Amino acid sequence: MPRPIRFNAFSMNAASHQSPGLWRHPRNTSVSFNRLEYWTDLARLLERGLFDALFIADVLGIYDVYQGSSEAALRGGVQVPVNDPLLVVPAMAGVTRHLGFGVTFSLTYEHPYPFARRMSTLDHLSNGRVGWNIVTGYLDSAARNLGLARQLGHDQRYDLAEEYLQVLYKLWERSWDDDAVLLERDTGRYIEPSRVHAIAHQGEHFKVPGIHLCQPSPQRTPVLFQAGASARGQQFAARHAECVFISGPTPSVLRRYVEGVRQASTAAGRSSDQVLIYAQALLIVAPTRAEAQARFAEYRRYVDLDAALALLSGWTGIDFAGLDPDEPIEYVENDAGRTALAAFTAADPNRRWTVREAAEFVGLGGRGPVLVGDPVEIADQLEQWLEQTGIDGFNLTYAVQPDDLTQVVELVVPELQRRGRYPTAYRDGTLRHKLFGQGDGLPEAHVGRQTHIQ
């Protein structure tokens with residue numbers, strides 16, 4: 001039986017996410033991101049298409065590497081203005097029954113104690129359909145606005161993340177027993193105090209002596225997403241991540257990332273079926289090939305290359321304004337997003353990307369491939385990418401919202417279902433159980449379940 005193809009949708013609480021300049025398209029409704037109806041309509045659409053989850057990206061700073069200024073980012077609306085990704089989840093959960101929600105939160109700039117409560121609250125309100133995309137940040141502008149001279153070094157951020165996760169696991173998994181809440185109206189006992197435990201954490205970065213403020217939520221620990229594909233990021237994902245999000249322009253780039261994640265997970269004592277890997281892609285589909293190609297050509301006319309360079313400079317920490325557009329991109333070790341730079345340099349020895357080529361590529365769909373065609377052609381391409389790379393599914397971005405994802409739901413999903421490559425109904429239960437079919441909580445062997453308190 002062929003492996004199923006899985007879909008997440010990839011979005012951001014902003015008008016412009018992965019296709020800079022496309023906010024100008026007359027049919028694009030992404031400029032309505034400030035309205036709840038925008039998000040509830042999107043959630044209903046994705047659930048109709050049986051998507052696993054809506055994956056919401058986020059940044060805490062502005063892209064100010066390009067030309068040493070934030071002007072290009074502001075002028076082009078490059079992921080700014082950007083609102084909090086967590087706050088739209090309850091509204092979407094209220095109009096859906098099955099769709100999951102993966103929210104991005106940077107652990108570098110907030111204490112784990114209040115964050116643990118926010119995620120438990122979301123897990124309760126969504127009836128167990130929340131995941132957390134664990135990020136450590138990559139923008140110096142975020143660090144400066146939070147009182148630091150610059151962000152921590154790349155590997156230092158992951159060292160901090162390890163302790164951060166230890167605190168969260170103690171709060172989510174160990175602070176409350178399953179039977180701590182009694183709700184005994186006749187005796188007046190709401191909670192049995194002996195079944196609630198202070199975590200007494202004292203580490204290098206955090207001191208958390210007390211209890212978690214929330215009773216256990218349906219999943220306790222939200223589904224853990226992670227997007228780092230650097231060597232250090234893969235080590236971190238091997239210990240913690242249940243779903244890994246990767247981006248790359250070619251199958252060979254993705255295949256290398258997938259092999260790295262799988263090998264690291266095996267070395268960490270986890271089986272391959274405990275980690276799902278999604279790759280970013282933009283699907284431009286229409287009933288006929290000619291219509292799809294016409295839409296692709298139309299979209300390209302709206303790409304803002306200056307904004308694309310601002311986005312690429314922010315991702316990589318390199319100011320591309322100072323380079324010849326026809327100069328090949330070289331890998332430079334720095335403390336920004338190493339994965340983004342490697343996608344256009346070291347990860348694919350058979351391709352030398354120039355600055356201009358990379359900007360044009362990023363301008364439509366970000367760092368993932370753009371697949372264009374009728375439903376049969378798109379389904380063929382998805383199957384080929386799945387087989388050539390070893391991924392489990394796709395994180396689907398959009399150029400024009402809601403057109404692109406609507407076409408996926410109405411044209412691509414039925415074609416994949418006809419081939420037996422896509423589900424025809426949701427599995428009941430929490431997001432974790434829908435994804436893995438092994439219950440609501442972390443697997444017994446996961447590091448989060450192995451964490452103990454004194």
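A salt bridge here is a side-chain nitrogen of Lys or Arg within 4 Å of a carboxyl oxygen of Asp or Glu. In this predicted model, E444 and R449 make such a pair, with N and O 2.5 Å apart. E444 is exposed at 51% relative accessibility, while R449, at 22%, is partly exposed. Elsewhere, shared partners link D380, E383, E387, E415, R418, R419 and R421 into one salt-bridge network.

Within that network, R419 pairs with D380 at 2.7 Å between the closest N and O atoms. R419 sits in the loop between α14 (403-418) and α15 (431-436), and D380 in helix α13 (residues 375-389), so this bridge ties together parts 39 residues apart in sequence. D380 comes out as partly exposed, at 30%. Another pair, R189 and E192, meets at 2.8 Å (N to O); here R189 is partly exposed at 38%, whereas E192 is buried at 16%. Over the whole structure, the search turns up 27 salt bridges.

Turning to annotated positions, the unreviewed UniProt entry puts "binding site" at D58, T104, H154, Y158 and S230. D58 falls in the loop between β2 (53-57) and α2 (71-76). H154 belongs to helix α6 (residues 154-174) and is buried, at 5% relative accessibility.

Finally, there is L46, in helix α1 (residues 36-48). With a relative accessible area of 0%, L46 is buried. Setting aside residues up to four places away in sequence, L46 touches A9, F51, L54, L99, L405 and Y426.

Note on methods. Residues numbered from 1 in each chain as written. Predicted model: local features only at pLDDT ≥ 70, side-chain atom pairs only at ≥ 80, totals over all residues. Heavy atoms only, no water. UniProt positions renumbered as here; feature names shortened; annotations may be inferred. Helix = DSSP H or I, 4+ residues; strand = E, 2+ residues; numbered from the N terminus. Buried < 20%, exposed > 50% of the residue type's maximum accessible area, 1.4 Å probe, protein only. Contact = heavy atoms within 4.5 Å.
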